[in-house]
Structure formats: C-alpha cells, structure tokens
Amino acid sequence: MPRAGLDPATVVAAAAALADDAGLDNVTMSLLAERLGVRTPSLYKHVSSLADLHRRIAALALTELGDTLRDALQGRSGRPALAAAACAIRAYVVEHPGRYATTIRLDAASPDDPVAAAGARVLDSLSAVLAGYRLDPADTVHALRLLRSLFHGFAVLEAAGGFEMDTDVDDSFDWLIGFVDRALTS
C-alpha cells in the first residue's frame, strides 16, 4: 500500500525540485526516496522507472512553461510579445534548469501523451508570437525553430554560468530580441 500523502504528483514535484537543486544527471531513485523519507521500492508504486519519472517531469515542466508563456503573452503582439516570450522562457530555464533539461529531446508516445499536449501548448504560444509578423506560412516551422534555438540556447548558457564576458547579460539579451524582431519584420 502506498504511503499516506505520497502520490505520483508529489513524487514528480519532489523529483523536479531535486533536478533543479542537484542537476538532472544527479537525480536517482535512491536520492529521491531519501528526500521523500521513504525506501526506494516505495517510489515504484507511483512511477515505473527513472525514464518514466523524467517523462513526467518533462510534462510538468512543459505545462508550467506553457502556462508562463500564456500569461506573459496576454494582450501582446509583435515585438512586445516576442520580448515577453523570450523573457518568460529565459526566467523559467534559469529558475528551473533541472526540470527544463528533461524537455530537450522527447518523442511523444501517442497523440494523447501528456508530453505532446504540454509541448503543443508551448509551440502554440510561440506561434502566437509569430502571428504578429508577416511571415510566409511556409516559413513558420523555420521561425519556430529559430525562436526555440535562440531562447533555449541563451537561457541554458546563462543558467550554466556560460556568460563570463564583461558586457551585461541583460544588454545582450535585449540585443538578441531586437535582432530577432528586425529579422522577422524584414
């Protein structure tokens, strides 16, 4: 019988917090069990494996990111929407580097996979940003990949402490947003 108060959502939330604190590569079932005050076999009543746990963290992270983007984009279009999306992604990745790391490479198991649904919400938000620009519809996927690559790359590098030059990181980020806005506008 599962321990009172322990359920899949609690296990996933604790694992996501552990991933943010210790790094995704350091999340193990035994360390998670220790954090939750249970024996490792107890976790398998709630998740089937470490891979299952990672998928569930990814679904949580994409849901959180989708909610963050939705809220940030309300009432915005064009450059303000672009800046809001970029800032929302950057803040999320810097605040939650471990859980975000689970979202990098995922294949949806089926159309109703929670990862697919949550990922689609993120892409829908980025598509809404692009709707404020006059893009050829044939270029939408390319533009989505551009946004994801730039925002992801900047945020992951920042979260890892990868910007050591004297120039202010916020200035560089603002420059990136302006550059993308000009590219999408032209």
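User: The charged end of which residue sits over the ring of F173?
Analyst: This is a predicted model, in which local features need pLDDT of at least 70, side-chain atom pairs count only at pLDDT 80 or more, and totals for chains, interfaces and linings use all residues. Residues are numbered from 1 along each chain as its sequence is written, and side-chain values use heavy atoms, with hydrogens and water left out. A charge sits over a ring if NZ of Lys or CZ of Arg is within 6 Å of the ring centre and within 35 degrees of the ring normal. At 4.5 Å from the centre of the F173 ring, the charged end belongs to R90.

User: Is F173 buried or exposed?
Analyst: Buried means under 20% relative accessible area, exposed over 50%, and partly exposed in between (1.4 Å probe, protein chains only). F173 has a relative accessibility of 1%, so the residue counts as buried.

User: How are the rings of F154 and F163 arranged?
Analyst: Rings of Phe, Tyr and Trp (its six-membered ring) pair if their centres lie within 6.5 Å; planes under 30 degrees apart count as stacked, over 60 as edge-to-face and the rest as tilted. The whole structure holds three aromatic pairs. For F154 and F163, the centres are 4.8 Å apart and the planes meet at 40°, so this pair is tilted.

User: How many residues separate F154 and F173 in the chain?
Analyst: Their ring centres lie 4.9 Å apart with planes at 55°, so this pair too is tilted. The pair links distant parts of the chain, with F154 in helix α8 and F173 in helix α9 (residues 169–185). Helices here are DSSP runs (H or I, at least four residues), numbered from the N terminus. The separation is 19 residues.

User: Which residues do ring pairs link into a cluster?
Analyst: F154 pairs with F163 and F154 also pairs with F173. The cluster linked by these ring pairs is therefore made of F154, F163 and F173.

User: Which residues does L53 contact, leaving aside its neighbours within four places in sequence?
Analyst: L53 lies in helix α4 and is buried, because its relative accessibility is 0%. Contact means heavy atoms within 4.5 Å. By that rule the partners of L53 are V11, V12, A15, V27, M29, L32 and V47.

User: How far apart in space are L53 and V122?
Analyst: In sequence, L53 and V122 are 69 residues apart. From C-alpha to C-alpha, their distance in space is 21 Å.

Key
Helices (H or I, at least four residues) and strands (E, at least two) are DSSP runs, numbered from the N terminus.
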